[in-house]
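We will go from stop to stop, selecting a few residues each time.

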Amino acid sequence: MEPQTPHAESVPAHPPLESLAVQPLVNRDYESRPALFYERLRAEYGPVAPVDVLGVPAWLVIGYSQTLDILRDARGVWSKRLDSWRARREGRVPADWPLLPAFEVESSVFRDGAELTRLRGAWSEGLRPFQDRSRPQAKELERSVRRYADELITALSEGGGRTGWADLSAQYARPLPLMILGRLLGAEPGRGDEMIMDIWRMLDAGPDAAEAAQRVTAEVAAVCAAKTTSPGEDLPSYMLAAVPDLTVEELTREMVMSIGLIGDYTGTLVCNTIAEVIAGEAGVRDSVSAGMLSEAVNRAAITSPPMANLTFRWPKTDVRVGRFLIAAGDPVMLSPAAAHLDPAFTGSMAPDSIYSSRAHLAWGAGPHACLGRELATTITTIAVERLFDRFSGLRLALPADQLPWRSSPMMRGLRALPVNYELAEDPPQRSGGTGAASRSGAETTPETDSAAPEPGSLVRRILRMIRLAQS
């Protein structure tokens, strides 16, 4: 039987979505025991279930074959355009729905057809210099990731000898890709620092998130406008070179989207991978000890995909999925996290194999598959490598089932990853100089990779701002 089939009948065999009893997607089990929550939904509803997404009813697709089939969309049944959402056209989506601002950015995430092809062409060419490891831009990016990773590790472990306590989420996993994002955008030093902090505030969804988002958008727009007349060796400049008719407004929307995809997604993947290595399945730890770091990242992407549930899409016509007839314009949320628990996916994997499946859905599939997969994997792999090279021991400071998870219907990441650590070597002495290399961001040599970051370095400025934001 086809995982999904277009349906010509106008009357479904069950009440419409708005009339069904729906379960809240965000609940205690979803946050702390998602596997239990998804399996309970699967037992009651099958591969698709009606849920409440922060006050909006939607279909949650939790079957592996159904999720993959919708992602591929071979029949052209599914739309990502916001104007396909029937309830929104009819004024039935609350104006203060928390996810609406992210959906209304009008980036390529919510585009189809020729518009999507054009924007993805810009992304593909813009990312190429940073993902082709033979290119100098990719090599420099990798050196920057290693340098920032080493400086963050040194800064978080200063003052306590070889043992101590740290929050590897706030002090390492999340700030690292944000600093790399500043380089990718080509933001000017100084101006970029405050933008990184506003990105942090925006992604943290705190009380000042809306104001921070406005400042980020304005700053990104200024950066993009500058690239039209003074291009550099950065992502927006390469995208403009690939698609010269790309407007500043379009480029700004794509760069704002990149903050979530490169910054938040990658930071979450780094954190989730570290947590899986420390406390997860034996296969992840075995991958690290065998020197197969990319395999450890792949296993973590399966077990804890950073984007547990994807943004909505809408069928253009009534379509049957599982035992439900989804009406045209109904919001549908695909769940890679739940699909990875489906026996249709897990049944093909040998539990004792050192390799895990590459058929997972953490990077999506089809027309909207993630184009930055190699970049995110490279950053994550280097981050995990440097961490486990620099520390001889890392243990959770809390029981694994008490780790605090961020409450989000889409992203699944830790709010904190508290650990007790032991350094592999004595901590380096903090330099009292100002260091021209640190000020300019110049390349460091392997011998100085673990040296303490200079007092005025980007790492110290960002960590200091993060501490102030959390106090």
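Select R147 and Y148. In this predicted model, R147 lies over the face of Y148, at 5.6 Å from the ring centre. Now jump to R412 and W405. Here R412 sits over the face of W405, and the distance to the ring centre is 3.6 Å.

Next come rings beside rings. A pair of aromatic rings is described by the distance of the centres and the angle of the planes. How many aromatic pairs does a search of the whole structure find? The count is 17. One of them is F37 with Y38, a tilted pair. Its centres are 5.7 Å apart, with 50° between the planes. Both F37 and Y38 are buried.

Now select Y265 and W363. This aromatic pair is tilted too: 5.4 Å centre to centre, with 40° between the planes. Colour the chain by secondary structure and look at where each partner sits. Y265 belongs to helix α13 (residues 248–279). W363 is in the loop between α17 (343–346) and α18 (373–390). The two are 98 residues apart in sequence, so the pair ties together separate parts of the chain. Are they buried or exposed? Y265 has 7% relative accessibility, so it counts as buried. W363 also has 7%, so W363 counts as buried; the cut-off is under 20%.

Where is it? F110 is placed in the loop between α5 (100–103) and α6 (113–131). Its relative accessibility is 3%, so F110 counts as buried. Show what touches it, leaving aside neighbours within four places in sequence. F110 is then in contact with K80, R81, A102, F103, T311, F312 and W314. F110 and R313 are 203 residues apart along the chain, yet their C-alpha atoms are separated by 8.4 Å.

Last stop: switch to the cartoon view and find an open sheet of 4 strands. The order is β2-β3-β4-β10, and the pairing is mixed. Which strands stand at the edges? They are β2 (23–24) and β10 (332–334). Each has a single partner strand, so one side of each is left without a neighbour in the sheet. Zoom in on β4 (residues 56–61) beside β10. These two strands pair in the parallel sense over 3 bridges. Finish by selecting V61, which stands opposite L334 in β10.

How values were computed
Residues numbered from 1 in each chain as written. Predicted model: local features only at pLDDT ≥ 70, side-chain atom pairs only at ≥ 80, totals over all residues. Heavy atoms only, no water. Phe/Tyr/Trp six-rings, centres within 6.5 Å; stacked < 30°, edge-to-face > 60°. Buried < 20%, exposed > 50% of the residue type's maximum accessible area, 1.4 Å probe, protein only. Lys NZ or Arg CZ within 6 Å of the ring centre and 35° of its normal. Contact = heavy atoms within 4.5 Å. Pairing = 2+ DSSP bridges.
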